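I opened the model today to go through it piece by piece. These are my notes, in the order in which I looked things up.

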Amino acid sequence: MNNFSSAKDSGNEMYQLARDLFPICRSITGDGVRQTLAALGAQLPGLRLHEVPSGTQVFDWTVPEEWNIRSARLLGPDGQVVVDFADHNLHVVGYSEPVDIELSLDELQEHLYSLPDQPDAIPYVTSYYKRRWGFCLTHRQREGLKPGQYRAVIDSSLEAGSLTYAELLLPGESKQEILVSSYVCHPSMGNNELSGPVVTAWLAKWLTQTKRRYSYRIVFIPETIGSITYLSKNLAAMKPVTIAGFNVSCVGDDRCYSFLPTRNGKTVADKAAKHVLKHIAPDFISYTYLDRGSDERQYNAPGVDLPVCSVMRSKYGQYPEYHTSLDNLDLISPTGLAGALNALQLCLTCLENNETLKVTVLCEPQLGKRGLYPTISSRGSAAAVANMMHMLAYCDGSRDLLSIAETIDCPMWELLDAVKNLKQHGLLEVVG
Amino acid sequence: MNNFSSAKDSGNEMYQLARDLFPICRSITGDGVRQTLAALGAQLPGLRLHEVPSGTQVFDWTVPEEWNIRSARLLGPDGQVVVDFADHNLHVVGYSEPVDIELSLDELQEHLYSLPDQPDAIPYVTSYYKRRWGFCLTHRQREGLKPGQYRAVIDSSLEAGSLTYAELLLPGESKQEILVSSYVCHPSMGNNELSGPVVTAWLAKWLTQTKRRYSYRIVFIPETIGSITYLSKNLAAMKPVTIAGFNVSCVGDDRCYSFLPTRNGKTVADKAAKHVLKHIAPDFISYTYLDRGSDERQYNAPGVDLPVCSVMRSKYGQYPEYHTSLDNLDLISPTGLAGALNALQLCLTCLENNETLKVTVLCEPQLGKRGLYPTISSRGSAAAVANMMHMLAYCDGSRDLLSIAETIDCPMWELLDAVKNLKQHGLLEVVG
Amino acid sequence: MNNFSSAKDSGNEMYQLARDLFPICRSITGDGVRQTLAALGAQLPGLRLHEVPSGTQVFDWTVPEEWNIRSARLLGPDGQVVVDFADHNLHVVGYSEPVDIELSLDELQEHLYSLPDQPDAIPYVTSYYKRRWGFCLTHRQREGLKPGQYRAVIDSSLEAGSLTYAELLLPGESKQEILVSSYVCHPSMGNNELSGPVVTAWLAKWLTQTKRRYSYRIVFIPETIGSITYLSKNLAAMKPVTIAGFNVSCVGDDRCYSFLPTRNGKTVADKAAKHVLKHIAPDFISYTYLDRGSDERQYNAPGVDLPVCSVMRSKYGQYPEYHTSLDNLDLISPTGLAGALNALQLCLTCLENNETLKVTVLCEPQLGKRGLYPTISSRGSAAAVANMMHMLAYCDGSRDLLSIAETIDCPMWELLDAVKNLKQHGLLEVVG
């Protein structure tokens, strides 16, 4: 499980899929989600779709009615089209109820959403659990609206239907599992979110081609209600076996790397993620659990307690384009996506190879006679083998390899060849 | 127990009582202590006085003879009065034995005490356990003394009597106790000490008017010998039930806030005090137990181990006027006293409301349907409810509310309304 | 065990012994080791020599053939002597096999060792476990070598023999042991290494004259193979009783103090060493276990786990003269050696006197009536007894004196008189 050299090459393919999926109007339910999951399924044989009927009780929540929208327009006093859903699906407040109404500009204002401090951005607004309708537009356009009678037409439906999600279960040598979760409910935006599902898909593709120690549970769900729904059906099975998890979101731009810990903060998932980021992006931004905002809120909730953290590029809420039409395909890039994929592959590589090792002889082994150590000793001659010697010095059966790599300040993946060598020479054995 | 808005209003009343008590000559025994306790008793119905006879063995110590003083004068070569106890009771060394003697200036010098580096201050000196007599005066005056014969007259008595202290026991819902201790042995000084007893009295008055979860033990004692005496009689009863304690001293000036921890340093008393000071006075001075110097020395002694810390304004030994006549009524102020009272009330508020809470549903509760969360989601909309959501995210039945408030960096008292609300909605329950 | 005032006086004697031993050609086996141990034995009655035959299996290693060398010369094209072992024993690669061969300068080059960046230093090179021969010389000399035929003559022997080490066992009141280990395998160098054996010898002499709570195991061994050999014979006996250990190396120069911890990092040996260095050399250099390089590698190896740390002057590998002819008698000094001896004596003094103490009375004892505390109280009067009072405040039967000394930031050895005093007054007792 250490061939991740092709990660960067995958950047272009991931970006192409993001481009294909961009126009679809996704929400927490509806045909946009199904279309998106179908496209992911084309990449991931074995991806299984599930439909959970509206009205189903999921913990403290209820699966809402299914929302679909065909068209929406706001017409001005002269009959001209002011905003049109066909131009950008952010123009309509998510979960807007159907409407066909005439009203004055004043009356209209309380159904309009814009951002005074970002006058050229269309904001992303939703109202899932209270019936509303509304249009989102740039503040510049809003300020130019003339007094008079407007007509608002939204051809949507809110009806009994279902919430749709998909999962891919990849068995490994062990029944212990790693969870990878991303979400499919955001309409036309790039970093938050199309980057999450496409990087998750490529991570899954890589996993399917790899010898796996752990089993993997990969889920594509709508945010919040989706993870709650998923957990209400699967928590009992997941809780005893989940050793780590990653919520994959905001993994598309190329400005920085970000880390958001589990609530516990000290799980092996946290350790692996921080170890990877420290070595590949030393200036990564380390957030606290107080900065959470995606599905890790559900996975880490009291009583759920799954060790799910997030390895991100620019984090939701922390970049100016967040939740607006400016978070578009220009914001994300093949290198941004590939960088995130690589980081996540390294996290899984660390977890897959994390073992508690014990040296089999007392005192230092004589590596020289095995060709693993220089036979002539002069000043500094041991530099090249220092990491191997450091590792051996800590393989006492009480620490895992990840902790040792941290202690000796060496990327864990750079120790894997030495581990293999020393195991072959019978000098290292796995404990427990 | 959250009505502490009147704390500041109490400043003037407290200052008035300090003014009334200021002229009394207090010591570790004697009628000055009794007069002081009587005045406190007028404020605190239920305050009970105790007399412990001279000679009583209290742990490693013995209650000394009772000291009373009626007058004292030092007369100069020309018969003029050099210093007079009637002018300031600091003029006589505490526990001075009676004397009426003529002696030369040279002979007199070893009975005089002054401060060369504070030439206008009368120092506060005592000799409780070795018989001495002496006069304290300003260094300026001392330097002006002319050679010749002096007459020293001290009309005091050292006789079998008793040590006097007072206690007020306020029962609460629980038999678990909080100790509040202050001392009444300092003669005419302000911050150290009349501030302690008056603030303690007002804290006690506030407690009597409040629903109490915990029981309170409020004691007014002479320092050192008093706390040792009190513990020798009450430790067995206190030790199993005391969850926190506060030694109230140096709570009168308005220059800063100070904290001195318990010996353990990590008790709930320490946590509450530091939490309060961090939020109301972020630049408070944090001392260590090595800086101790008041009755917390006895309460925290090995084998006693009561979790008693100190929340102060300017700490004893750390301000220039300390233990001199300059520590007078000008040094303390109504706002200084009121600030300390408020800090202590907040400490007790934190302790009274500190519970281990557990959210009753899995995943985040749906607060929107209960009117506790906005129903429309756009950028940053959750800011107003962030603290409530943070708190819920940590209510996992393993942390107390004080720890959670620390983690989420929010004053604990600002969470109490949310706790009440969520309990009423059945979303939070108390654990253990 | 607190008479270490003569430590500094020992500096000259130690330096003289180093001067005497300097010319001997030591290696990991051979007569040079025996000569060195004989000289140490003359200082240390009771020092016992051991011989372990070549071929003996010691953990993962095998005791090598014994090496002895009588003479060695490199002759130039004109027959002149280019380098001569008689001039400096670093001129020959340690464990060089016998040779008498003519070869061109080109062929010779691969048998020559020099340091381009230190052109006037002869490097120290060995090849214990692979047969080689070679000459070491200054780079300046090497660059002046003329083309032509050279003759290399090394009159050495590599034959079945034995590895020699010595040990001195000093019984104490307890069977618990402290290990002191140094090595005797370095040829003519000063800081690394003749300083180690001579300081160890003087430490041992001091211990023989001292009342000992602990038993001491003092060993003089060749590095690496020697400690491995010693452990293979003695680990079973040492492991249950060894409470601390010191690897004594690089203790001769006067430039700084250095500390290298045990692998565990938190043993009482580490605590004592850091406590001592903090107080006697606050700017000491604190290395980590990743900087290890001497026999602490074997003592701290997984499964061996002896708590052995190092208190040094300039650490091996960290000073420019290291492992060259520049590490000579000018680099070390009487004051350098005496400083190290003093530091190690203080470490042992701390360990010998480290007890868990408990005050025998509740609350503060009344020290005044025992003449241990001033009887008059005024501002700051308690300063002189502050450390005693601090110590008493922490003697709760749960902390050892070393931890208390750390907490109160006072050299532990400055508390020993107070401990003795308070024990005599029955106010302190030893716990457990």
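**Entry 1: a loop residue in chain C**

I began with C:Thr224, which I found in the loop between β12 (215-221) and α6 (225-238) of chain C. I note here that the model is predicted.

**Entry 2: aromatic pairs**

I looked up the aromatic pairs over all chains and got 24. One of them joins B:Trp61 and B:Tyr129, with 5.5 Å centre to centre and 70 degrees between the planes, which makes the pair edge-to-face. Where in chain B do B:Trp61 and B:Tyr129 lie? I placed B:Trp61 in strand β3 (residues 61-62) and B:Tyr129 in the loop between β7 (112-113) and β8 (135-136). The two are 68 residues apart, so I wrote the pair down as a link between distant parts of the chain.

I checked the exposure of both partners. B:Trp61 is buried, at a relative accessible area of 9%, whereas B:Tyr129 is partly exposed, at 35%.

I went on to B:Tyr319 and B:Tyr322. Their ring centres are 5.9 Å apart and their planes stand at 75 degrees. Edge-to-face requires over 60 degrees, so I recorded this pair as edge-to-face too. Both B:Tyr319 and B:Tyr322 are buried.

In chain A I noted one aromatic cluster, formed by A:Trp61, A:Trp67, A:Tyr95, A:Tyr128 and A:Tyr129.

**Entry 3: charges over rings**

I looked at two places in chain C where a charged side chain lies over a ring face. C:Lys205 lies over the face of C:Trp202, at 3.9 Å from the ring centre. C:Arg313 lies over the face of C:Tyr257, and there I also read 3.9 Å from the ring centre.

**Entry 4: chain A as a whole**

I listed the secondary structure of chain A as twelve helices and 19 strands. The C-alpha trace of chain A spans about 90 × 45 × 35 Å along its principal axes. Chain A has 432 residues, and 62% of them count as buried.

What share of the contacts in chain A with a separation of 6 or more comes from residues 24 or more positions apart? I got 81%. For the accessible surface of chain A I have about 16,000 Å², with 48% of it belonging to carbon and sulfur atoms.

**Entry 5: chain C against chain A**

**Entry 6: chain B onto chain C**

Last, I superposed chain B on chain C. A rotation of 120 degrees, with 0.1 Å of shift along its axis, does this at an RMSD of 0.1 Å. The two copies are therefore related as by a three-fold rotation axis. I also looked for the C-alpha of chain B nearest the axis: that of B:Lys266, 13 Å from it.

Technical notes. Residues numbered from 1 in each chain as written. Chains lettered and ligands numbered in written order. Predicted model: local features only at pLDDT ≥ 70, side-chain atom pairs only at ≥ 80, totals over all residues. Heavy atoms only, no water. Least-squares fit on C-alpha atoms with pLDDT ≥ 70 in both. Helix = DSSP H or I, 4+ residues; strand = E, 2+ residues; numbered from the N terminus. Phe/Tyr/Trp six-rings, centres within 6.5 Å; stacked < 30°, edge-to-face > 60°. Buried < 20%, exposed > 50% of the residue type's maximum accessible area, 1.4 Å probe, protein only. Lys NZ or Arg CZ within 6 Å of the ring centre and 35° of its normal. Contact = heavy atoms within 4.5 Å. Areas by Shrake-Rupley, 256 points an atom, 1.4 Å probe, with all protein chains shown as cover.
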